[in-house]
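Look at the structure shown here.

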Amino acid sequence: MKLNEPYLVVDLNDNKIIFFVISFNDNKDFKILKKIILESAGIQNGHIIDIEIVSQLLKKTIGKIEEDINFFFSSATVIINPNKINCLNVSGYKKLNGSQVSNEDITYILNDIKKIILDSENNYSLVHLFNSNFSLDSDNLENLPIGLFGEFYNQNMTFFLANKNVIKNIKSVFNNCRLTIEKIILKSFAEGVNLLSVNQLDKNFTIIRLEENR
């Protein structure tokens, strides 16, 4: 994604596809340049159920958008809303014995747990991963304690995973359109992040959404 250039976001919603063209300025503020909402029989409950229908609709619509704004897209961010995701909270740790917490320690813990998760949840693909809590010698911290000395470091991580075949079908559709998927975002995750940002919440919360078919 380049500043001040059109960027494509495609929301694969239930029975419809929403196309956004946005651009970011130097302050990372964005504006919507174009928005199109189309019905699609090829999507149901957040799943691609007909690759050909969805591929043709994407090709036709993106081609029209490119013509209108005189810009060619090679990649896009995709927002998905599957009816089932896995959310796993996992804790990793390292005994420091009085040494400093280093970037290498953080990376090792992260990669080790990530491998365990993906090996055990082999029908799922990782979509989002973030650090949810850090503690050094039982003291909870707001930021990574890199450079601090301690005896025991603990790091809590949250993994969001979606069904591997759901992801494969989405990638197949975008491959048919000769577009690279730069990032996949879970709609529920994005809504939660937005709620945190807008309301400046610093406590745990739960969103419950009742939809027509869910």
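His128 counts as buried because its relative accessibility is 10%, and buried means under 20% relative accessible area (1.4 Å probe, protein chains only). The model is predicted: local features need pLDDT of at least 70 and side-chain atom pairs count only at pLDDT 80 or more, while totals for chains, interfaces and linings use all residues. Residues are numbered from 1 along each chain as its sequence is written, and side-chain values use heavy atoms, with hydrogens and water left out.

His128 belongs to strand 8 (residues 124-136); strands (E, at least two residues) and helices (H or I, at least four) are DSSP runs, numbered from the N terminus. Leaving aside residues up to four places away in sequence, His128 touches Thr158, Phe159, Phe160, Ile184, Ile185, Leu186 and Phe189, where contact means heavy atoms within 4.5 Å. A polar atom of the His128 side chain lies 3.0 Å from the backbone nitrogen of Leu186.

A nonpolar core is a set of buried Ala, Val, Leu, Ile, Met, Phe, Trp, Tyr and Cys residues joined through side-chain atoms within 4.5 Å. The largest has 30 residues, of which Leu8, Leu12, Ile17, Leu58, Ile170 and Phe174 touch the most other members. Elements that give two or more residues to this core include strand 1 (7-13), helix 1 (51-69) and helix 3 (164-176). Apart from it lies another core, of 14 residues, among them Ile106, Ile109, Ile117 and Phe159.

Helix 4 (residues 187-199) has 13 residues. Gln200, with a positive phi near 50 degrees, follows helix 4.

Note on methods:
Buried < 20%, exposed > 50% of the residue type's maximum accessible area, 1.4 Å probe, protein only. Polar contact = N/O pair within 3.5 Å; in protein donor to acceptor, adjacent residues only side chain to side chain. Expected span 1.5 Å × (residues − 1).
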